[in-house]
Amino acid sequence: MSGLGNPGRTLGRVAASGSLAAVALVVTITIGLVGVPPDAAQGDVQRIMYVHVPSAWLAYLAFFVTLVGGVRYLWRRNLAWDRVAAASAEIGLVFTGVAILSGAIWGKATWGKWWDWDPRLTTTAILFLIYAGYLLLRASIVDRHRRARLSAVLGVVGFVNVPIVHFSVLWWRGLHQAPTVIRPGDPTIDHLLLAVLMANVASFTLLYAWLLRRRIELETLRDRTEITLEPSP
Amino acid sequence: MSLAADVAALAAKDIRIELRTRQASGAAAALGAIALVLVGLAVGPDADRLRQLAPSVIWIALLFATVTVADRFERIDRADDAFSALWLVAADRRAIYLAKVVSLTLVLGLLQVGLWLLAVALLNLSLRVELLALLPIIWLTAWSTASVGALALALVSAAAHRMLLLPVVLLPLLVPTLVAGVGASVALLDGRIADAAGWGTILLIEAALFCGLGILLYEAAAAPE
């Protein structure tokens, strides 16, 4: 999992996966921005969906990986899983921020305001704060195994908010639209737009995989440096 | 000793210390009262507006009071490395968590009762029989808050800047409890008993979920090095 066995080969793989993610992103975002017709009701502003929805999806995925990494660490006490959890939480936090920002821009164009105390927006902001707390907790503990153990617990408890974010639009009334893809029954979106949206979700997921790998490698190097710098007993 | 006997003995220890010192409940009650008075001053003498704001003010005051109470409880346990001894003595470590939940629930529940009585006087709430239905809501909220609070305390106990980190970790996790608590009490004050019962059910699920997670994860969170 460290991926640092052969630095030359590792760099090659990283460059290849990064290039693949970059090409996929350029192609799918370009199709989303100019290749498909605008939404009948919202017009061109709806194209921000091709960034907003994949970012929100990646936030869910990243925090799920943090949950899995945390549970695996608690089970196996292997720091490699802690590195996965921490790396994924950082990426998840970034994409939650992107989802909030892109949602604010979309909201300004369609609702006339950057922010509304809508259940989906509010619970997403809370999700952001929970995982910011997760990273702050990690930053405040020196011992690696203790840091891994405590942040794993917070990663498990914090994940409780993820289904609340997703289903908040069904449980409470608000400005944010109900789910259009992950919902009971068929998706309520035009099939062409859905296909382009799914292509963007796939390319964002490639980007996530690349970022996760890079971040894990960085964390592995940091751990090795810490071990090297630790005073011998 | 059985788990229940361990929990009872440890919770009794916390409550006995609190009864003798009254430090946590005293500071939390003062904090809650100050919050109510400050909101009254900020909003002005508009009785209807104060009544509308009452549930939100009470629950937010409670959240901040929770930080004070939880921190005080934790400090007593960690003083003179008493927690390490407790960890070694306890046959079942879940008892330490459950005892903390019981004692925190008791203190936070009583604190809420006091805050609601104060709100009747300061925020012009009318006393009605239906408001008795607040009692189960108060205790469910206290249970849910205590379940998260006891776990969050264990998480930050080893961290640098513990007192700063506790609200950062604890308060976002308590938002579902805050939302359900405010929803239930607003519905009760408006006389919508069925809606309040719905929010009460959500509170029960949240409390059971957080308590269950706490039982599962406390040993990993609290184990001394």
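Is B:S144 buried or exposed? Hold that thought. One caveat first: what you see is a predicted model.

Now the residue. B:S144 is buried, because 29 other C-beta atoms lie within 10 Å, and the cut-off for buried is 20 or more. B:S144 sits in helix α6 of chain B, residues 134-156. Who surrounds it? Set aside the neighbours within four places in sequence. Then B:S144 is in contact with B:T177, B:L203, B:E206, B:A207 and B:F210. One distance for orientation. From B:S144 to B:V182 you go 38 residues in sequence, and 14 Å in space, C-alpha to C-alpha.

Step back to chain B as a whole. Chain B has nine helices and zero strands. Reading from the N terminus, that gives α-α-α-α-α-α-α-α-α. Along the principal axes, its C-alpha atoms fill a box of roughly 55 × 35 × 30 Å. Of those 225 residues, 45% count as buried. Then the contacts. Take the ones in chain B with a separation of 6 or more. Residues 24 or more positions apart account for 82% of them.

Next, one helix pair in chain B. Two packed helices are described by the angle between their axes and the distance between the axes. The pair is α3(B), residues 47-78, and α5(B), residues 94-122. Their axes come within 10 Å and cross at roughly 145°. The crossing is right-handed. Which residues make the contact? On the α3(B) side, they include B:A54, B:I58, B:A61, B:L62 and B:F73. On the α5(B) side, among them are B:L104, B:V107, B:L108, B:L111 and B:W116. B:K100 of α5(B) takes part too. By class, this contact has 15 nonpolar, three polar and one charged residues.

Over to chain A. Chain A has seven helices and zero strands. Along the sequence the pattern is α-α-α-α-α-α-α. Of its 233 residues, 37% count as buried. Again take contacts with a separation of 6 or more. In chain A, residues 24 or more positions apart account for 75% of them.

How do the chains meet? 20 residues of chain A are in contact with 20 residues of chain B. Look at the chain A side. Helices α4, 119-139, and α5, 144-158, each supply at least two residues there. The largest share comes from α5(A), with eight residues. By class, this side of chain A has 15 nonpolar, two polar and three charged residues.

Last topic, the core. The largest nonpolar core has 126 residues. Which of them have the most contacts inside it? In chain A, A:A62 and A:L137. In chain B, B:L151, B:A152, B:L155 and B:V169. Helix α2 of chain A, residues 49-76, gives the most to this core, with 16 residues. Now zoom in on A:A62. Leave aside its neighbours within four places in sequence. A:A62 is then in contact with A:S88, A:A89, A:I91, A:G92, A:F95 and A:Y208.

To return to the opening question: B:S144 is buried.

Key: Residues numbered from 1 in each chain as written. Chains lettered and ligands numbered in written order. Predicted model: local features only at pLDDT ≥ 70, side-chain atom pairs only at ≥ 80, totals over all residues. Core = buried A, V, L, I, M, F, W, Y, C linked by C-beta atoms within 7 Å. Buried ≥ 20, exposed ≤ 12 C-beta atoms within 10 Å, placed from the backbone. Helix = DSSP H or I, 4+ residues; strand = E, 2+ residues; numbered from the N terminus. Contact = placed C-beta atoms within 7 Å. Axes fitted to C-alpha atoms, helices over the stretch in contact; angles between N-to-C directions. Left-handed = near helix turned anticlockwise from the far one by under 90°. Nonpolar A, V, L, I, M, F, W, Y, C, P; charged D, E, K, R; others polar.
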